[in-house]
Amino acid sequence: MTHDIHQPAQRVMVLYTGGTIGMQASANGLAPASGFEARMAAQLADRPETVVPSWRFREMAPLIDSANMSPAYWLRLRAAVIEAVDEGCDAVLVLHGTDTLAYSAAALSFQLLGLEAPVVFTGSMLPAGVADSDAWENVNGALQALGGGLSTGVHLYFHGETLDPTRCAKIRSFGRHPFAALQRLHGGQPVTDLPDALHYRQVKTEASIAVLPLFPGLGIAQLDGLIDSGIRGLVLECFGSGTGPSDNPDFLASLKRAQDSGIVVVAITQCHQGGVELDIYEAGSRLRGAGVLSGGGMTREAVLGKLQALLGSGLPVDDVRRLIELDLCGELR
């Protein structure tokens, strides 16, 4: 992490969003359930050797399966974090479903720029209380990590490991180690003058953003459909180091039309390692010529969160385009 070291947390707000960690059986299968605060307190009482900071609890509404997470919910979560800190908490723990946990943690990394408190996201692969569940080890471990002192900014904690959410992803749908730090391209220049609009105290709104993975045979109608759908940002998941069907003039013309329409188009790689360098191949250079920006080594989770914060802050498009290629909170380093 690239933030300042924070003092050991003494007053933690626990924000419960739902997810597998607190699910219980229903007529239609596992579903998010209330009552997690009492269950959390009871298991800690049964483990007197587990020393954690003082904590308070808030149940978000509605409780959701994280597959239903949305940018609108991110804004509510952002507001809840700020409110907790304003009320005297010096750290926040977010309990979240694992499917979109990395997306939410990355998004909040950009939504909370300037916040002088650590925020930790965790969850579990199996519900609390079932055999071999990882719920309490993650909850208690995250609280203990905060009690030991974490840097300001947003962290992802799972199975004893603290990860930078702008540099990791969920890579497994099973086991105790679903998240991993990805080996991505480094070298992004840090921003030297963060606009006031990006400070966590400033109002943020929801922005419409789409993701389009390139694949052999991609039809221009699919790209044009997205461009004409009202989006303000487009993440283009390219081949390799940033290539696409650059010998297709209609494809390049559509990308140029997106730029002319004020849509911010950012290229990232489909590969699990590495990143985008648009000037290596002619195919990448032609994308750059059509107005596509380089996402460098950013993950899909990071670039979505970054675009959401930049476009939702009311910044001019030219400023958004400039800041995309600069490092704001470790996403390019």
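Trainee: Where is the place of His-96 in the chain?

Mentor: His-96 sits in the loop that lies between β5 (91-95) and α3 (101-111). Helices (H or I, at least four residues) and strands (E, at least two) are DSSP runs, numbered from the N terminus. This is a predicted model, in which local features need pLDDT of at least 70 and side-chain atom pairs count only at pLDDT 80 or more, while totals for chains, interfaces and linings use all residues. Residues are numbered from 1 along each chain as its sequence is written, and side-chain values use heavy atoms, with hydrogens and water left out.

Trainee: Why is His-96 called buried?

Mentor: Buried means under 20% relative accessible area, exposed over 50%, and partly exposed in between (1.4 Å probe, protein chains only). The relative accessible area of His-96 is 0%, so His-96 counts as buried.

Trainee: Which residues is His-96 in contact with, apart from its neighbours within four places in sequence?

Mentor: Contact means heavy atoms within 4.5 Å. The residues that His-96 touches in this way include Thr-17, Ser-66, Met-69, Phe-121 and Thr-122. Thr-122 is 26 residues from His-96 in sequence, with 6.1 Å between their C-alpha atoms.

Trainee: What makes the pair of His-96 and Ser-104 a polar contact?

Mentor: A polar contact is a pair of N or O atoms within 3.5 Å; within protein, one must be able to donate a hydrogen and the other to accept it, and residues adjacent in sequence count only if both atoms are side-chain atoms. The side chains of His-96 and Ser-104 make such a contact at 2.8 Å.

Trainee: Why is β5 called largely enclosed by the rest of the structure?

Mentor: Five of the five residues of β5 are buried, so the rest of the structure largely encloses the strand. Ala-91, Leu-93 and Leu-95 point one way, Val-92 and Val-94 the other way, and all are buried. In a regular strand, side chains alternate between the two faces of the sheet.

Trainee: How do you know that β5 pairs with β1 (residues 11-18) and with β6 (residues 118-122)?

Mentor: Two strands pair if DSSP finds at least two bridges between them. Five bridges join β1 to β5, and four join β5 to β6. β1 and β5 run parallel, as do β5 and β6. Val-92 of β5 is the bridge partner of Met-13, and Val-92 also stands opposite Val-119 in β6.

Trainee: What handedness does the unit of β5, α3 and β6 have?

Mentor: A crossover is right-handed if, with the strands pointing away from the viewer, the path from the first strand over the helix to the second runs clockwise. The β-α-β unit of β5, α3 and β6 is right-handed.

Trainee: Which residues of helix α7 (residues 282-289) are buried?

Mentor: Ala-283, Gly-284 and Leu-287 are buried. Down the axis of α7, its buried residues fall within an arc of 100 degrees (taken from the directions from the helix axis to the C-beta atoms), so they line one face of the helix. Glu-282 and Gly-289, on the other side, are exposed. The cover over the buried residues includes β12 (233-238) and α6 (249-260).

Trainee: What makes the chain as compact as a globular protein of its length?

Mentor: The chain has nine helices and 14 strands. Its radius of gyration (taken over C-alpha atoms) is set against the globule rule, 2.2 Å times the number of residues to the power 0.38. The value is 20 Å, close to the 20 Å that the rule gives for 333 residues, so the chain is as compact as a globular protein of that length.
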